[in-house]
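Thanks, everyone. I'll walk through one model this morning. Have the sequence and the structure open as I talk.

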Amino acid sequence: MIKKRIILITLLVALTNLAMAQAIKKIERMDPPNWWVGFQETKLQIMVYGKNIAETEVSFKYNGVKLLKINKVENPNYLFIDIEIAKNAKAGKIEFMFTPPGKKSFTHAYELQERIIKENQHAGFSSSDVMYLLMPDRFANGNPNNDNVDSLLEKANRNNPDGRHGGDLQGIINHLDYFAYMGFTALWLNPVLENNNPAYSYHGYAATDLYKVDARFGTNEQYLELIEKSHQKGMKIIMDMVFNHISTYGFLIKDIPMKDWIHQFENFTRSNYRASVISDPYHAEFDKEIMEKGWFDKHMADLNQDNPFVENYLTQNSIWWIEYASLDGIRMDTHPYPEKNMMSRWAERLYREYPKFNIVGEAWMQKVATTAYWQKGTLNKDGFNSNVRSVTDFPMQGALIKAFNENEGWTEGMSRLYYILAQDFLYANPNELFTFLDNHDLDRFFSSINYNLSSFKMALGFMLTTRGIPQIYYGTEILMDGIGGEGHGTIRKDFPGGWSDDQINAFTQNGLTNEQIEAQDYTKKILNWRKNNALIHSGELTHFLPENGIYVSFRHTENAAVMIVLNNKYDQSFETKRFAEILKKYSNGYDIIYEQELKSLEKINMPAKSIRIIELKK
Ligand code: CA
């Protein structure tokens, strides 16, 4: 009897040991999944994830790579390995050896690749670009076979405005010619990373895996294909990234590495969304804490960027994507919400590795001063420098949706635009502001301006000729409408023609209304004119005080000038004497909007609610 029990216990112990050894043998993942030799920054922190991996001893031998530190954290399923890769280290595979206590070792290979720097790679974006923003789930369904994926929770339902509609990367690849034909030079896709959430997964802003494209959009390889093909057509790709939060459904939250990986509260605490408190010299710490640490939404866990492991994880993640996918730029979501000094170090690091690269930070602020706070080089009293070159120009957007909808006044109508530009002295670089009429979070522009095609033309023409880097939201060119307050689905409707059974096709104009066709042609005309027009990209800007609804601005250099005239009133003509400081050099012009020669510039006739863009000639 006793003998039997001993045997049983021995057997149990052996089985337990075996189970443990087997469990430890499994490395679920190493993040980043690979790295490159030859970066300016030689340090790398690899996160190893696997059941009880912290119980193992780690070692490796690789010429030029030094082990700095092995960090064990609260959760034994994680190890953070700090290594240093010498500048002259060669590409190859590091064989990491993991030795569980009293057990046989096992190895896991980690690849160090050669960096391939191609010409025009990571080109950055600038005022020479016009960016097309599209929501991958809502643009075009190029592969109905990936609409539903077994391993991913939410299934497609095109009848649900907040559900997944099946759009994907293949759909975007299929329509690259459309973007090029329209005259766009860059694409910004709303986030494409895995969002394995039970609902609202289509928008992409709650990632469950920061290294993997959502399988319902395609694969990482297909993302590369999209970028390569875009580059071949002269189009840049901007990746949308979110450092403020990740989904509560991802492994990093379900099996959290350490308690302070995220900001945790006793009860659910929402951000106050008042980004102005960050730059407010009189802010209360209470408000700042809630702003930064409160959660953006119930299933969006608020990352703690004060935690150096989080900082490394996020920074390396963005470098990995830039290098892996040859990205041209990043759009950083909710830029003022994460800890700002970490974000500043992050941007500085990216520009150090990729000097031509560009980043636009989403700083959703109504005022010029609070927006300027977030642009690189702004002389902030508190000494803060975001290091992010481009910032979203919400103040201009706010002015554009009002200016054409109201009567002219001291500060209304055209003066609204004038006063926004008149505050540009606050910005370190106004020409790197990111300008737009609408985006995925805002009412559709056509709805905002009371469905008025003339207002649309004036606003778009102005935005495309003033300073800044313009962005156009998919469907705006065909007057898609919708009010965000009626649900986000209404401002993120499917692009007509993106699905094989669509009755209307915006790619062929089949079924579009005459107004829609006019708007699309108008957009295409200005975009293609703007595309190679250095005057608009970088010429000086001079504008004159609006008078009687006429607002005149010029983009000019020593020897060339374009005159942009907006008339927000009735049919009228105006004398041009007061513009002599620019006009004196020119005697006639060509209006690209009306495709009309202007033989004299002394008096210019303007139809009611109209815009002229006049190339001046000597
Ligand atoms: Ca699909």
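Helices are DSSP runs of H or I with at least four residues, strands are runs of E with at least two, and both are numbered from the N terminus.

A word on the source. This is a predicted model: local features need pLDDT of at least 70, side-chain atom pairs count only at pLDDT 80 or more, and totals for chains, interfaces and linings use all residues. Numbering starts from 1 along each chain as its sequence is written, and side-chain values use heavy atoms, with hydrogens and water left out.

Back to α16. It runs over residues 514-531, 18 residues in total. First C-alpha to last is 26 Å, close to the 26 Å expected; that expected span is 1.5 Å times one less than the number of residues. Its buried residues include Tyr 522, Ile 526, Leu 527 and Trp 529. Buried means under 20% relative accessible area, with a 1.4 Å probe and protein chains only.

Next, domains. There are three: domain 1 (2-114), domain 2 (131-537) and domain 3 (539-617). The bounds come from an automatic or database domain assignment. The C-alpha centres of domains 1 and 2 lie 38 Å apart.

Now the cores. A nonpolar core is a set of buried Ala, Val, Leu, Ile, Met, Phe, Trp, Tyr and Cys residues joined through side-chain atoms within 4.5 Å. The largest has 173 residues, and Trp 346 is among those with the most contacts inside it. Helix α9 (residues 308-325) gives the most to this core, nine residues. A second, separate core has 18 residues, including Phe 544 and Leu 616.

Asp 147 and Gly 166 both sit in the loop between α2 (136-139) and α3 (169-174), so the pair ties together parts 19 residues apart in sequence. Asp 147 is buried at 14%, and Gly 166 is buried at 3%.

How values were computed: Buried means under 20% relative accessible area, exposed over 50%, partly exposed in between (1.4 Å probe, protein chains only).
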